[in-house]
Amino acid sequence: MDTLSYHCRLATGEIRLEDVLREVADLGAAFVQFNAVHVADRPAAGLAALRELAADLGLEITLSGDVVGRADKGDSVDSGVERIRRWTELAEAIGSPFARVSSGFYRNELMGAPDRIAAEQRYVTDVLRRAVDEVPGDVQILLENHSDFTAEEYVEIIDGVGSDRVAVFLDLINPISSLQDPLTVISRLAPLAPAGHAKDFRIESRYVEDRFHRRGFDVQWCYPGEGVADLTSLMGVLVAQDERAEPYRLSVEGLDNYPGVADQRERLGASLGFLSSLLVGAPPAQPAGAAR
């Protein structure tokens, strides 16, 4: 479980990370992925206490960092490397084997400017290459397919960095944000990824006032099993990667959360059951309220 599933309640102080750990463990999850913003202000003793609690609950911990920067906003390679340095240090403190990072742009914002997309690709490649050389430790750096680059551009980035320390953090659904076929993207990038996110999406039409035609539609994230994504096929790609040396760490990213709404236990529990059924090859059990 990614703590982004609880973000709004964490941000308003309605729930503590310790409460999240206990709830996630009670749901039967194998690990919790801390978003860096949720733990960055904790002193060393506080991080050690979280790590100890997770161990007592039988949970592993992973870390999700943030964006390394954006070339067209004037971010420097130096600043990107320093951000990765902070996240890898935080990952070491909480016992995470990796720090997930991402670029700083969305492809839909630059879709008409291929030269600017190319500049962002060069920037991310340069930051990661420098980080491999300058950031000590063996924490792996995982670059998420963050609705930005194409699958082939990600392969070029990984090849350009040229280090086993850098790999892909694979979000199963993000490709739709950049008008790409998720199955094609996941099939290409799965061999490069030791971890990733699972979520789902709904399509909501936006009609004119008399409903004669629609102005367009919105894509809304939801929990796995609640939407229309072909997660059976996407999860099948992960299952087919049976030569992995380490367990694949797949975390639920429940972005559809609100302050004052404590619905995580029910929705995450249903999503865990749904995803687990895909892993063992049983007919997928539909969560309550699933839009299938």
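**Cavity and cysteines in a predicted model**

Student: What volume does the largest cavity have?

Tutor: This is a predicted model, in which local features need pLDDT of at least 70, side-chain atom pairs count only at pLDDT 80 or more, and totals for chains, interfaces and linings use all residues. Residues are numbered from 1 along each chain as its sequence is written, and side-chain values use heavy atoms, without hydrogens and water. A cavity is a set of points on a 1 Å grid over the protein atoms alone where a 1.4 Å probe fits but cannot get out; points are joined across faces, edges and corners, and the volume is the space filled by probe spheres set on them. For the largest cavity, this volume is about 60 Å³.

Student: Which residues lie nearest the centre of the largest cavity?

Tutor: Lining residues have an atom within 4 Å of a point. The lining of the largest cavity comprises 14 residues, and those nearest its centre are Asn-145, Phe-149, Tyr-154, Pro-175 and Gln-180.

Student: Which elements give two or more residues to that lining?

Tutor: Helices are DSSP runs of H or I with at least four residues, numbered from the N terminus. The elements concerned are helix 8 (151–161) and helix 9 (182–189).

Student: How many disulfides does the structure hold?

Tutor: A disulfide requires a pair of cysteine sulfur atoms within 2.5 Å. For Cys-8, the nearest cysteine sulfur, that of Cys-222, is 16 Å away. The number of disulfides is therefore 0.

Student: Is Cys-222 buried or exposed?

Tutor: Buried means under 20% relative accessible area and exposed over 50%, with partly exposed in between (1.4 Å probe, protein chains only). Because its relative accessible area is 1%, Cys-222 is buried.

Note on methods
On a 1 Å grid over the protein atoms alone, a cavity is a set of points where a 1.4 Å probe fits but cannot get out, and a pocket is an open set with protein on both sides within 12 Å along at least five of seven lines; lining residues have an atom within 4 Å of a point.
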